[in-house]
Amino acid sequence: MGRTSTTTITAIIIIDMFAYEFMTNAFAAAGIVAAVSGVVGYFLVMRGQTFAGHALSHIGFAGATGAGLIGLAPLWGLVGFTLAGGVAMGLLSERISNRDVAIGVVLALALGFGLLFLHYHTAFATQATALLFGNVLAVDRGMIATLAALGFITLAALAAIMRPLIFASLQPELAEAKGVPLRFLSTVFLAIVALAVSACAQIVGVLLVFTLMVGPPAAAQRLTTGLWSGLALAAGLALAEAWLGITIAFYSDWPVSFCIALLSAFGYFAALAAPRVRAAPAASRSPPQ
Amino acid sequence: MSVIEFERATLRMAGRVVLAAASFAIEPGEFIGVLGPNGAGKTTLMRAILGLCPPSAGAVRVFGASPRRGDPAIGYLPQVRTVLPDLRVRGRDFIASSLDGERWGLPSHGAGDARAIDATLDLVGARDLARRALSDLSGGERQRLLLAQALIGQPKLLLLDEPLISLDARHQEVAIDVVRRVCRERGVTVLFSAHELNQLIGTLDRVLYLGNGQAVLGNVDEVITAPVLSRLYGADIDVVRAGGHIFVLSRGREVEHGAHQHDHDHGHHHH
């Protein structure tokens, strides 16, 4: 197939998709959320706290269904519960928030509460699937504005603590000796993760936040060793996987979140396989100046 | 003025008394070998000097004042060195993270920082290592990067907690030599904890031997004796000198033999 015909087909596909407002909305919302998820997730992977991030999303499920019970928008229940959960984990010192068993127990309890709230609010049950697995095609303009605001707050807070956060993540013992407030940093960081999780759950659902928050950053860390290149690649991969996922879903009629999950897993495993190929040149790379 | 002064200082770690009413003073430019059995409090002692573990009784003074966290005059190589297994951060970026790492905002490093990092990497011969990802380095290679990092910023006091662990014999010599040069040429005071006394004998000025809640500071000949060590170990200890080496024996076995292999037995996680 010639280059021209490929380009023409691509152009037709794009024009076709963007003829629908729900598709432009989906692209805008997914774009904002993917970039934020990739950047925040990069630090989540760096700190080895991905499971804590996963738990926060489940706590958010209880919050979202609870909010439905008292007539609030699910997003605010998500934000409230994940924030409270993140701050609590941070305050309970690093050692506890990194403990898989304790986190697993809280995670299961949160899902249980989510179920209880659904049980008492049966009209809300139809929305349960959207909460669990996301529903990016139902995003409206108001939600895009909210996600943009959430994303801005998240990235601004992350920028404010980034320098000591990296130091404390890489060398906690030395950072403590140099006067970095470890617990405060950990708490603020988990609050940032909570906001990112809340935004991410709007796109791919609470069960699949890993697809944007862990898959792309983990792949990026396999492919590059620099901080800024890693952050850019994590955000870029998340963006590409989200947009491509929506595109595939549009033409295949598969669920969007499935397509994103598939691309995320593919991206990660492809990156895992990549270093073996480039191991030799990596050793003789010139120094960064 | 002494660089470090302990005045009847009692240190506790998780409620347990590690050092009971210990008094000693370390003078500027001294190279002090910190020795003692696992769990004797070598790490706790350094944390007290860093202001991370205030004495429950008595006083600790560093540069004539109470220790304060984040003193830029102190270079520190921690014993517990968390390295996340999947972390593909370049050695150089790892070191850079510690430069003004306590400041808020975005990380940014200027030409001055780059020069400081190059200079310290050259000192320990680790410039090539720093180009590789941390996860691709061996324990000993990481160790050399950390030693380089501890030397950045011209500290006046170096606290090196088991810097020889996981280094092979040649790099142990290199590490000791680098620290000795820094100590002599810049007049830096060094606390160097280790399991093996013999490698340090030609280098150290005095020994700070910890054990049984006590601390004894003095020359090798004063401290490494059967009566003193028997008191510190709470067991019958023999000291045998042969061919310029000193062997510390308990019931015919060397007490610290093979102790490096169990370096995780003490430090942060006391069981």
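Me: How many of the six residues of strand 8 of chain B are buried?

Reply: Heads-up: this is a predicted model, where local features need pLDDT of at least 70, side-chain atom pairs count only at pLDDT 80 or more, and totals for chains, interfaces and linings use all residues. Residues are numbered from 1 along each chain as its sequence is written, while chains are lettered from A and ligands numbered from 1 in the order in which they are written. Strands are DSSP runs of E, at least two residues, numbered from the N terminus, and buried means 20 or more other C-beta atoms, placed from the backbone, within 10 Å of a residue's own. Strand 8 (residues 206-211) of chain B is largely enclosed by the rest of the structure, because the number buried is five.

Me: Which residue takes a positive phi in the hairpin of strand 8 and strand 9 of chain B?

Reply: That hairpin leaves two residues between its strands. The phi in question is near 55°, and the residue is B:Asn212.

Me: What share of the 271 residues in chain B is buried?

Reply: Chain B has seven helices (DSSP runs of H or I, at least four residues) and twelve strands. Of its 271 residues, the buried share is 41%.

Definitions and conventions:
Buried ≥ 20, exposed ≤ 12 C-beta atoms within 10 Å, placed from the backbone. Pairing = 2+ DSSP bridges.
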